[in-house]
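Hello,

Here is the structure we discussed handing over. My notes on it follow below.

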Amino acid sequence: MMVILGNDRSDSDVNENLEVNKMPLWKSKISELKMIASGKVRDIYDLGDELLIVTSDRISAFDVVLPTPIPGKGEVLTQMALFWFDRTKNLVGNHITGKKLSEVIKDEETASLLQSRSMIVKKAKPLPVEAIVRGYLSGSGLKEYQKNGTVCGIDLPPSLVDSSKLPETLFTPSTKAQIGLHDENISFAKLVDLIGQDLSEKVRDLSIRIYDESAAYARARGIIIADTKFEFGLLGDDLIIIDEVLTPDSSRFWPADTYEAGRTQPSFDKQFVRDWLLSSGWDKTPPAPELPNDIVQKTAQKYREAYRRLAE
């Protein structure tokens, strides 16, 4: 019924101390269902009016899927997303149906193996943009600021440094790139051209509100959410949030107790992997290099720690 493709590069010492299934899931295969897409991380199956999303242990960086999976990552991402979908449902509707996997997969073993990394969701029409929200100066925003004094074309005070808290939360949308291509930042005016004035304002206002409220919750639990990205879709005329919410894949999570502006922060997200890739000399074009076992293990532990602090 289902094949879990492990990766023989990830041996037992990668998996020790992880509270997850031992074999990493590279790609799912459910023979009784039709797979309609396989992205950087997720495999998507058609259920008629609904979709089954299975989150693998694949990891991407700089818009390239890396050859080495992170054991248990898909389970953490799924459970973290479900936590935030539930916590933000008073702010915006979402695509979660609440159905159990056993309702759509007859084989009990398959359903059991995939349950913790799967979501059955409503089939919405995705908007063709990503809603990026920034509360701190980091990543590509920092590089632009150091060069031009702006982030995504927005003027900022001249006194900011690496990891500074921004004077106000910034909404900086981008296009959605296909695998292997890079997202491109766009202006709010361009967003309006793509999806219209009213919908653009709703996406902007909801994104900032979700971020601000969630960042306050996370800060009280020892994590700074430096920035994040949301994806929205339309269910009929209703705007809902889809895909994932405030996970270590879609956000920068920093430990609050060691935060200090003026330097790069340690993280609970895949920035740890990005940093290693940059130090390796990789030029950000496929194929990406294999991740060493210690990087794999530490990344898995960081993802689990983020989940423990925020959702358990």
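Is P167 buried or exposed? Please keep in mind that this is a predicted model. The relative accessible area of P167 is 55%, and the cut-off for exposed is over 50%, so P167 counts as exposed.

As for its setting, P167 belongs to strand β12, which covers residues 165-171. Leaving aside residues up to four places away in sequence, P167 is in contact with L156, P157 and L160.

Four strands form an open sheet in the order β1-β2-β3-β7, and the pairing is antiparallel. At its edges are β1 (34-38) and β7 (118-122), each of which pairs on one side only. From one strand to the next, the twist averages 30°.

Strands of a sheet pair through backbone hydrogen bonds, in either a parallel or an antiparallel way. In the case of β3 (residues 50-55) and β7, the two strands run antiparallel and are joined by five bridges.

Helix α2, residues 73-87, lies across β2 (42-46), β3 and β7. Its direction relative to β7 is at about 40°.

Regards

Terms used: Residues numbered from 1 in each chain as written. Predicted model: local features only at pLDDT ≥ 70, side-chain atom pairs only at ≥ 80, totals over all residues. Heavy atoms only, no water. Buried < 20%, exposed > 50% of the residue type's maximum accessible area, 1.4 Å probe, protein only. Contact = heavy atoms within 4.5 Å. Pairing = 2+ DSSP bridges. Axes fitted to C-alpha atoms, helices over the stretch in contact; angles between N-to-C directions.
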